[in-house]
Amino acid sequence: MAGRFRPDTSRATVRGGATGVPAAIPRQVPAAAAAARTRRWTPPWPLDLGLVLGPLRRGPADPTFRTTPDGSAWRTSRTPAGPGTLHVAMRAGTVEAEAWGAGAEWLLDRLPELLGASDEPEAFTPRHRLVAASQHRRPGLRLVRTGLVMESLIPSILEQKITTDEAYRAWRLLVRKFGEPAPGPDQGLYVMPEPRTWALVPSWEWHRAGVDNKRASTILRAVRVARRMEEAAAMEPEQAMARLELIPGIGPWTSAEVIQRSNGAPDAVTIGDLHLPRIVGYSLAGERNTDDAAMLELLAPYEGQRHRAARLILLGGRVPPRREPKMRKVDIAAW
């Protein structure tokens with residue numbers, strides 16, 4: 001779920017024949033980075049880069065995303081034009097962006113969309129004191145829109161029914177081994193593998209990364225129709241989620257997590273999450289055992305903006321005290 005927070009880390013809070021086998025790609029340090037394409041853009045509203053881009057980060061060691069002490073962000077993408085690296089910084093109210101690689105122009109053209117230019121936070125009206133306070137403290141929050149599906153779909157599938165740390169580890173290992181070094185200045189970043197490379201990852205590498213056969217098979221089914229999946233980024237959220245859910249193994253939880261990021265969908269609330277219903281229930285009604293049905297009832301006043309409401313609730317940081325252990329970690333790579 002977008003809007004993960006500390007101290008409690010969870011997906012809700014901070015989610016036989018002869019075939020060629022792709023070789024692991026060694027890290028190559030370029031002798032000199034190619035010249036960057038640049039763009040400056042001044043948004044007509046407050047903008048907090050960390051809040052907007054934060055949902056795209058899959059853990060502190062995500063090989064496709066990095067933040068720096070000055071508040072700027074580096075991210076890589078496999079765009080329709082090819083791989084690209086984007087560096088975004090906020091200086092005196094102006095966004096300064098640099099991009100490298102075949103996908104540089106594509107990334108810069110869509111920079112305003114990425115940072116929430118098509119979002120409409122003014123359509124949101126808080127109905128609870130906690131939500132109003134959370135919104136007031138974060139005027140720079142807007143919903144990200146990448147326009148890319150697969151880069152959110154694959155890590156979301158990896159996050160199904162396991163702990164967040166396990167999912168982040170799998171994403172990190174697979175991208176570093178089968179992805180390619182990011183274009184531009186060496187930041188230790190990688191671009192995620194292209195669909196064909198994902199399709200050729202051998203079974204033992206999925207196992208070594210801790211990915212069970214069910215999730216690996218779901219990813220393989222998705223990458224076979226990657227082009228059709230990417231078309232969902234241009235659809236209305238309901239149709240986009242329906243397109244994703246045509247793939248066996250992709251249900252409402254996964255499709256919502258993807259469409260929140262690829263389409264910037266303000267109403268794509270995550271259903272089936274282990275933590276989110278209880279956090280929403282505890283924050284809005286003081287109930288710690290809320291299920292999905294009760295959560296949707298509590299979020300009903302925010303119809304059309306339920307994802308934004310849930311994001312603000314998560315950022316409010318009010319969570320029920322723990323009375324049971326966390327989900328048990330299972331290292332299938334040790335089997």
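Tutor: We'll take the helices and then the strands. Keep in mind that this is a predicted model.

Student: How do H13 and H15 cross?
Tutor: The axes of H13 (residues 276–285) and H15 (residues 306–316) cross at roughly 75 degrees and come within 10 Å. That angle falls in the 65 to 115 range, so H13 is roughly perpendicular to H15.

Student: Which residues meet there?
Tutor: H13 brings Leu276, Ile279, Val280, Ser283 and Leu284. H15 answers with Ala310, Ile313 and Leu314. The contact has seven nonpolar residues, one polar and no charged.

Student: And H14, what's the angle with H13?
Tutor: About 45 degrees, with the axes of H13 and H14 (residues 292–299) 9 Å apart. That makes H13 oblique to H14.

Student: Left-handed or right-handed crossing?
Tutor: H13 passes H14 in a left-handed crossing.

Student: What touches what?
Tutor: On H13, Leu276, Pro277, Val280, Gly281, Leu284 and Ala285. On H14, they meet Asp292, Met295, Leu298 and Leu299. This contact divides into eight nonpolar, one polar and one charged.

Student: Switching to the sheet. What's the strand order?
Tutor: S1-S5-S4-S3-S2, five strands in an open sheet with antiparallel pairing.

Student: Which ones are the edge strands?
Tutor: S1 (37–41) and S2 (65–67), each pairing on one side only. On average, neighbouring strands of this sheet are turned by 20 degrees against each other, direction ignored.

Student: How many bridges join S2 to S3?
Tutor: Three, and S2 runs antiparallel to S3 (residues 73–79). Thr67 stands opposite Ala73 in S3.

Notes
Residues are numbered from 1 along each chain as its sequence is written. This is a predicted model: local features need pLDDT of at least 70, side-chain atom pairs count only at pLDDT 80 or more; totals for chains, interfaces and linings use all residues. Side-chain values use heavy atoms; hydrogens and water are left out. Axes are lines fitted to C-alpha atoms, for helices over the stretch in contact, and angles run from 0 to 180 degrees between N-to-C directions. Helices (H or I, at least four residues) and strands (E, at least two) are DSSP runs, numbered from the N terminus. Angles under 35 degrees count as roughly parallel, over 145 as roughly antiparallel, 65 to 115 as roughly perpendicular and the rest as oblique. Contact means heavy atoms within 4.5 Å. Ala, Val, Leu, Ile, Met, Phe, Trp, Tyr, Cys and Pro count as nonpolar, Asp, Glu, Lys and Arg as charged, and the others, Gly among them, as polar. A crossing is left-handed if the near helix is turned anticlockwise from the far one by less than a right angle, and right-handed if clockwise. Two strands pair if DSSP finds at least two bridges between them.
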